[in-house]
Amino acid sequence: MTTFQRARSEEQRAVRRQAILDTAAAMLAEMPVAQVSLNELSRRVGLAKSNVLRYFESREAVLLELLDVASREWLEHLDGALTAAVGTGTGTGTATPYERGDRVAATLATTLADRPVLCDLAAAQASVLEHNVSPQVAAQYKRAAVANAGTLSRLVGEHLRELGAHDAMRLAAATVMVTGAVWTHSRPAAAMLAAYEADPSLAAMRLDFATALRETLEVVITGLLARPFHRGEA
């Protein structure tokens with residue numbers, strides 16, 4: 001824990017703000033979003049709770065900013081991962097659009113599975129993180145989320161040009177929403193785990209995150225490729 005003196009310049013305030021973000025990120029590596037409290041964050045960062053609130057209006061505001069940071073880091077990695085797995089252009093090798101679509105789905109799923117903190121934040125976004133912030137913070141986060149969705153749609157579109165811009169954005173939006181839902185369902189409570197172990201007939205109900213996400217995105221991509229007349233493009 002670091003104890004800070006009072007920040008007297010913009011540079012010092014920026015250092016304090018980044019320290020709060022870094023500390024919250026470290027906590028998320030140890031515990032799920034639900035267990036990250038403002039009191040513990042304040043203790044670890046070495047600031048009074050009231051001082052933390054000078055930089056972020058709530059715990060949720062901190063976590064929304066971390067969600068944006070984690071999303072941008074994932075997108076930076078995803079660019080190279082898609083190129084390695086799929087290639088570029090409509091005529092990449094002899095692969096059909098559907099085969100390339102499956103590769104896109106697999107790459108999205110595996111790269112997200114490698115980022116449990118991002119997935120945990122995404123799962124909490126709509127139900128938790130957006131419910132204790134001001135309209136200003138909400139708008140700031142949504143602008144960042146729209147920009148990230150635009151980047152995702154561009155990356156996907158570079159490898160599946162058959163989708164067109166409209167459907168690439170639809171796929172990007174679906175990826176964000178489905179990731180949070182599948183993550184939640186692939187993290188069952190202790191009682192559910194005990195039920196699965198006690199009754200083998202229930203085993204099929206237990207989801208593997210990467211597999212379930214890949215299979216869901218495969219279906220979405222296949223549907224979008226099969227419905228070109230619904231793209232709504234001139």
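## Exercises on an all-helix model

From the N terminus on, the elements of the protein run α-α-α-α-α-α-α-α-α-α. This is a predicted model, in which local features need pLDDT of at least 70 and side-chain atom pairs count only at pLDDT 80 or more, while totals for chains, interfaces and linings use all residues. Residues are numbered from 1 along each chain as its sequence is written, and side-chain values use heavy atoms, with hydrogens and water left out.

**Exercise 1. Describe the protein as a whole: how many helices and strands are there, and what share of the residues is buried?**

Step 1. Begin with the elements: the protein has ten helices and zero strands. Helices (H or I, at least four residues) and strands (E, at least two) are DSSP runs, numbered from the N terminus.

Step 2. Turn to the extent: the C-alpha trace spans about 60 × 50 × 30 Å along its principal axes.

Step 3. Now the burial: of the 234 residues, 41% are buried. Here buried means under 20% relative accessible area, exposed means over 50%, and partly exposed lies in between (1.4 Å probe, protein chains only).

Step 4. Finish with contacts, meaning heavy atoms within 4.5 Å. Among those between residues at least 6 apart in sequence, 71% join residues at least 24 apart.

**Exercise 2. Find which residue forms a salt bridge with Arg17, and where the two partners sit.**

Step 1. Recall the cut-off: a salt bridge is a side-chain nitrogen of Lys or Arg within 4 Å of a carboxyl oxygen of Asp or Glu. The whole structure holds eleven of them.

Step 2. The partner of Arg17 is Glu65, at 2.9 Å from N to O. This pair links distant parts of the chain, with Glu65 in helix 4 (residues 59-85) and Arg17 in helix 1 (residues 10-28), 48 residues apart.

**Exercise 3. Work out which residues of helix 2 are buried, and what covers them.**

Step 1. In helix 2 (residues 38-45), the buried residues are Leu38, Leu41, Ser42 and Val45. They lie on the same side of helix 2 because they cover an arc of only 100 degrees around the axis. That arc is taken from the directions from the helix axis to the C-beta atoms.

Step 2. Their cover includes helix 1, helix 3 (49-55) and helix 4.

Step 3. Follow the chain onward: just after helix 2, Gly46 takes a positive phi of about 85 degrees.
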